[in-house]
Amino acid sequence: MNSAFGVRTSRRGLLRLIGASAGMAALGTVLNGCGALPFAGGGKPSELIMGYGVDQLSTTGLDPQIHSGTAAESQLRNCYDCLVQISKDLKTVEPQLATEWKRVDPLKMQFKLREGVKFHNGEDFDAEAVKFSIERPINPNTKPRSSIYATYANIIDHVDVVDKYTVNVVTKKPDPLILRRLSGFNMTIIAPKWAAAGGSDKIKVEAQGTGAYRIVEWGGPGGDVVMEANDKYWGQPATVKRVRVKIIPEQATRSAALRSKDIHVTHALWPEDEGAIGGSGVAITKKVASNRIPFYFFEVRKPPFDKKEVRQALNYGSNMEGIIKNVLQGNGTRTACITAPWHFGHNQELKPYPYDPQKAKDLLKQAGLADGFETNIWFIQGRYMKDKEVAEAIAQELGKIGVKVKPQLNDSTKNTQLDLAKQQDGMIFASWGNWMFDADNTYFPLFHSSARDTINDGKGQSSRPYGDPVFDKMLEDARVELDEGKRQALYDRAEAYFYDQAPVLTQYQLTDIYGISKLVNWDPRSDEMVWYREMSWA
Amino acid sequence: VGTYVFWRLAQSVVVVFGVVTIVFLIMNLSGDPARLLMPQEASEQDIRDFRHANGLDRPLPEQYVYYMSRAVKADFGDSLWQQGRKAMSLVVERYPATLALGLFSFALIVLIATPLGIISALKPYSFADNVAATIALLGQSMPSFWLGIMLILLFAVTLHVLPSQGEGLSGPDLPHLILPGLTLAAPGIARITRLVRSQMLDVLGEQYVLTARSKGLRERTVILKHALKNAAIPLVTILGLDIGNILAGAVITETVFAWRGVGYLAYQALQKLDFPLVMADVYALSITFVLVNLAVDLLYGVLDPRIRLA
């Protein structure tokens with residue numbers, strides 16, 4: 001074999017390789033210089049880029065009134081307003097397109113509308129627009145129909161136009177929740193002439209609202225959404241003039257894209273990303289306690305979980321503080337029940353069950369189970385931060401009080417099948433994001449007997465095991481009480497009762513971790529909404 | 001040759017038919033898409049309506065026959081996840097992105113692996129050979145999701161020379177191709193480098209190479225014209241199969257890089273249990289693979305006239 005040839009070629013090859021790498025680096029520099037990459041050195045970027053981990057617009061397009069996904073909501077709310085909105089601390093209802101309101105009678109709420117507001121397409125915002133928008137989703141003939149309406153909006157009967165800027169929203173029953181209901185995503189106000197002319201097909205691919213941004217480009221399913229600030233916005237105009245929303249499903253890629261300055265803001269990061277992003281010098285992480293609360297149902301219909309002492313014992317013995325500290329690296333806020341502090345009806349007095357293994361053992365003894373027992377914990381993996389690791393830690397901790405827990409990990413489809421077939425027992429994973437920020441929206445759909453008896457076509461399912469006439473009565477009373485003070489008192493009692501009955505293993509509020517470029521000023525919210533009008537360039 | 005092509009095409013139809021059947025069965029074992037696609041709060045009536053509208057309430061054999069009768073026309077019905085869109089049109093829309101990425105990766109494999117393999121073969125166990133062997137080992141043992149992230153960290157985060165994600169098929173967006181292309185090509189580069197090396201070692205010991213050298217031909221001519229061409233037949237076979245690996249690797253690689261091709265689409269469709277979309281996606285991929293292999297078989301004839309009559 002000719003050695004000279006080989007050596008010469010490899011040297012030349014090596015030189016070529018070096019040349020190519022240098023060329024590639026030079027290419028990158030040139031591209032940066034031309035501004036082909038979004039970050040031309042120095043100055044404000046031409047657009048703010050947000051990286052989402054999930055793509056929800058593909059299913060039902062841009063139609064805000066039929067979505068139920070939080071990620072879709074978080075994008076489209078920038079373009080559409082409601083009559084009222086929830087405040088940033090999630091505690092009170094604030095004016096949005098309505099400036100003031102008063103209850104005319106138990107079934108009727110009257111709203112004064114903001115005058116001089118125009119939709120993005122130039123249509124006037126007035127009482128007719130409100131009537132059209134609120135009655136569209138509750139009309140059974142609207143296609144496609146939002147199934148969320150069957151549960152939450154069918155209490156609204158109709159809307160009366162009083163004059164050009166006054167409407168009455170009429171409910172079928174007295175509804176203390178009407179304001180919060182009207183702040184809901186599906187109650188967004190859409191341009192009526194445009195919507196009536198184009199129908200659902202048009203609303204799916206275009207957006208004509210009154211919001212601070214208008215959508216100027218949507219690349220279709222999976223594609224980028226590009227928004228520009230609405231110059232004629234009725235409120236404080238947005239300072240970030242152009243926003244691009246990209247879908248980047250892989251969390252590690254999102255984190256890297258932020259650090260390489262390809263995007264400015266991203267969500268759903270992991271604790272492991274914090275160090276890397278903080279150390280990059282180009283971005284920071286900010287954390288907020290989430291409105292989303294995971295917990296475990298106890299299957300109270302099967303022994304020994306029919307005994308209150310057993311349920312309390314597991315709450316005392318699960319060492320949830322330890323799990324938050326060690327498994328979640330502090331990314332969780334312990335809860336006493338399953339509402340967040342900002343929810344109306346949250347009982348501020350209750351303290352979360354402390355870790356007390358001795359008390360847990362005593363309670364098991366009282367229940368006649370001094371030697372412990374065997375049970376299962378049913379869970380899924382990958383939906384929330386470290387869900388699998390937390391479930392395994394719970395199983396391990398409960399072993400210390402003599403309860404032998406078998407981890408039952410299934411993919412979510414299989415898990416749903418087992419759930420519907422009522423084949424689960426012991427502890428069953430669940431999670432709830434209360435979008436009305438009111439206790440009713442957590443307890444009624446999950447713990448009222450009617451939920452247990454009607455779910456899955458009346459056949460029941462493992463994840464709706466609870467029903468108790470005493471608790472039912474408390475929820476029903478609170479549901480129609482229009483006086484806020486009295487209603488809070490009803491929920492204080494209801495939550496205290498729930499806490500004592502312990503139908504669930506309580507956990508924590510999740511922590512949402514956002515990554516934010518140093519070029520952007522922004523404080524994230526607890527309800528997963530990303531308002532670009534709250535952002536500014538640093 | 002005409003008869004041969006005809007029979008190969010007939011075989012290909014059987015292969016695609018088999019693939020679609022297997023996917024149909026596996027998808028039906030994996031759960032109820034109605035539950036998954038409807039929101040948690042959906043009523044039972046809504047779920048039943050959804051099932052009925054999409055034919056999911058019919059017996060399995062009936063669903064199968066229905067699917068197959070439409071599959072012949074490349075029609076898999078509407079996507080369940082992207083309501084109102086034909087599954088096949090979604091795949092067709094995303095196909096060019098995957099084609100571009102696949103061709104680029106393929107080019108990288110050929111252009112990197114061939115010279116590396118030749119260098120190794122010309123001087124076995126030398127420094128250059130060891131470097132090539134290390135590259136091959138790394139390429140073969142690194143999972144693509146990990147390699148992808150590492151390349152992003154190096155070239156996008158640390159060096160700032162390449163974009164971290166997103167797709168680009170033209171003009172100034174072309175650098176978007178480089179990282180996913182390299183990730184997708186890595187296992188192929190590893191395999192082909194080793195194969196070129198062993199094939200070249202075999203061929204270089206043959207008498208006709210000695211003859212060529214003794215005729216006083218330039219070494220370059222001996223290597224590239226006489227040796228490499230004779231070593232090429234198994235190479236072409238493996239390269240053809242590597243197209244299959246590129247298509248399979250596209251699912252993970254495209255997802256990591258948010259590259260909107262059919263691989264990323266397959267990942268999304270699987271997540272949503274979108275039966276029609278998964279079927280359409282796999283159908284398109286299997287046809288691509290079968291056609292490439294047909295092309296490879298025909299290429300044998302060009303490279304080696306003795307095979308032409310087969």
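Helices (H or I, at least four residues) and strands (E, at least two) are DSSP runs, numbered from the N terminus. The model is predicted: local features need pLDDT of at least 70, side-chain atom pairs count only at pLDDT 80 or more, and totals for chains, interfaces and linings use all residues. Residues are numbered from 1 along each chain as its sequence is written, chains are lettered from A and ligands numbered from 1 in the order in which they are written, and side-chain values use heavy atoms, with hydrogens and water left out.

**View 1. Chain A as a whole, with 18 helices and 21 strands.** The radius of gyration of chain A, taken over C-alpha atoms, is 27 Å, close to the 24 Å of the globule rule for 538 residues, so chain A is as compact as a globular protein of that length. That rule is 2.2 Å times the number of residues to the power 0.38. The C-alpha trace of chain A spans about 85 × 75 × 40 Å along its principal axes. Of the 538 residues in chain A, 58% are buried; buried means under 20% relative accessible area, exposed over 50%, and partly exposed in between (1.4 Å probe, protein chains only). A contact means heavy atoms within 4.5 Å. Among the contacts in chain A between residues at least 6 apart in sequence, 70% join residues at least 24 apart.

View 2. Accessible areas come from the Shrake-Rupley method with a 1.4 Å probe, and for residues only the protein chains shown count as cover. Chain A carries 68 positive and 65 negative side chains, and the centres of the two sets lie 5 Å apart. Lys and Arg count as positive and Asp and Glu as negative, while His and the chain ends are not counted. The place of a charge is taken as NZ of Lys, CZ of Arg, CG of Asp or CD of Glu.

View 3. The peptide bond from A:Pro303 to A:Pro304 is cis, with omega near 0°. Helix α10 of chain A covers residues 308-317 and is mostly covered, with eight of its ten residues buried. Among the buried residues of α10(A) are A:Val310, A:Arg311, A:Leu314 and A:Tyr316. A:Asn319 follows α10(A) and has a positive phi, near 50°.

**View 4. A:Lys386, in the loop between β15 (373-379) and α13 (387-399) of chain A.** Phi of A:Lys386 is near 50°, which is a positive value in a residue other than glycine.

**View 5. Chain B as a whole, with twelve helices and zero strands.** The C-alpha trace of chain B spans about 85 × 55 × 35 Å along its principal axes. Of the 310 residues of chain B, 50% count as buried. In chain B, 72% of the contacts between residues at least 6 apart in sequence join residues at least 24 apart. Chain B exposes about 14,500 Å², and carbon and sulfur atoms supply 69% of that area. The 24 positive and 22 negative charges of chain B have mean positions 12 Å apart.

**View 6. B:Ser105 in helix α5 (residues 87-122) of chain B.** B:Ser105 has 0% relative accessibility and therefore counts as buried. A polar atom of the B:Ser105 side chain lies 3.3 Å from the backbone oxygen of B:Gly181. Not counting residues up to four places away in sequence, B:Ser105 touches B:Gly181, B:Leu184, B:Ala185 and B:Ile246.

**View 7. B:Ala227 in helix α10 (residues 219-256) of chain B.** B:Ala227 is buried, and its relative accessible area is 0%. Leaving out residues up to four places away in sequence, B:Ala227 touches B:Met200, B:Val203, B:Leu204 and B:Val222. From B:Ala227 to B:Leu204 the separation is 23 residues in sequence and 6.3 Å in space, C-alpha to C-alpha.

**View 8. B:His160, in the loop between α7 (144-158) and α8 (178-204) of chain B.** B:His160 is a residue other than glycine with a positive phi, near 55°. Its relative accessible area is 31%, so B:His160 is partly exposed.

Methods
A polar contact is a pair of N or O atoms within 3.5 Å; within protein, one must be able to donate a hydrogen and the other to accept it, and residues adjacent in sequence count only if both atoms are side-chain atoms.
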